[in-house]
Amino acid sequence: IRGTTITTIVPDDPLGRTPVYDTARTPDGAILMATHSGLIRVMGQSRTTLVPGGATLTAAVVSLAVQPDGTVWAGTYGDGLWRVMPGHTDRLTTRDGLPSNAIRALVADNDGTVWIGTADGGLAWFRNGRFESLDSTNGLNSDYVGQIIDAGLSVWVGTAVGLVDVEKNRLFSAPSAAATVVSTDG
């Protein structure tokens, strides 16, 4: 919405699917759309598919994060995590250390850490070229993480059973002592 003008961007999809699960803006001003058809970059009238989707729900891109350097992270419903950099795109999965291929939330931190909420592997983060994680076996109250908010010194994590405040410095030094449950559903 600009002024009184509303512009609608509908993703191209051979099967007619129109949901947009997440959006983000790149440093150069492009709009990114997470869709069944994959990760779509929109700049003016030009559209480019950066990551392919597919006919199955597992390939759908459902969450996005953009780092200050322009690196784009795209989480799929069940096919892992895509990293898109100028001239290079790769897909990271459980084979690479990701605790789950079912991504539900992504946040790019100012220090370069990428926070990853998964459907069944808890909270993960990609830092210094590797994945680490916190789940129900080492301090988190649930393995489902559907929301992450960067709060500076901590990340707020929305799980299936409540809200958790995770202190970043404690997490990096002693993961099981970093999570504090703020509220639960009973």
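Mentor: Two strands pair if DSSP finds at least two bridges between them. Keep in mind that this is a predicted model.

Trainee: OK. What is the bridge partner of Gly 75 in β7?

Mentor: Leu 81. Strand β6 covers residues 72-76 and β7 covers residues 81-85. They run antiparallel.

Trainee: How many bridges join β6 to β7?

Mentor: 4 bridges.

Trainee: What's the strand order in that open sheet?

Mentor: β5-β6-β7-β8, with antiparallel pairing. The edge strands are β5 (61-66) and β8 (88-92). Neighbouring strands are turned by 20 degrees against each other on average, direction ignored.

Trainee: Switching to aromatics. How many pairs?

Mentor: The structure has 5. One of them is Trp 73 with Phe 126: centres 5.2 Å apart, planes at 50 degrees, so tilted. Trp 73 sits in β6 and Phe 126 in β11, 53 residues apart.

Trainee: Are those two buried or exposed?

Mentor: Trp 73 is buried, at 2% relative accessible area. Phe 126 is buried too, at 11%. Ring pairs also link Trp 73, Phe 126 and Phe 131 into a cluster.

Trainee: And why does Trp 115 with Phe 172 count as stacked?

Mentor: Their planes are at 20 degrees, so the pair is stacked; the cut-off is under 30. The centres are 6.0 Å apart. Trp 115 is in β10 and Phe 172 in helix α1. Trp 115 is buried at 0%, while Phe 172 is partly exposed at 26%.

Trainee: Which charged end sits over the ring of Phe 172?

Mentor: That of Arg 127, 3.8 Å from the ring centre. Elsewhere, Arg 104 lies over the face of Tyr 77, at 4.0 Å from the ring centre.

Key: Residues are numbered from 1 along each chain as its sequence is written. This is a predicted model: local features need pLDDT of at least 70, side-chain atom pairs count only at pLDDT 80 or more; totals for chains, interfaces and linings use all residues. Side-chain values use heavy atoms; hydrogens and water are left out. Helices (H or I, at least four residues) and strands (E, at least two) are DSSP runs, numbered from the N terminus. Axes are lines fitted to C-alpha atoms, for helices over the stretch in contact, and angles run from 0 to 180 degrees between N-to-C directions. Rings of Phe, Tyr and Trp (its six-membered ring) pair if their centres lie within 6.5 Å; planes under 30 degrees apart count as stacked, over 60 as edge-to-face and the rest as tilted. Buried means under 20% relative accessible area, exposed over 50%, partly exposed in between (1.4 Å probe, protein chains only). A charge sits over a ring if NZ of Lys or CZ of Arg is within 6 Å of the ring centre and within 35 degrees of the ring normal.
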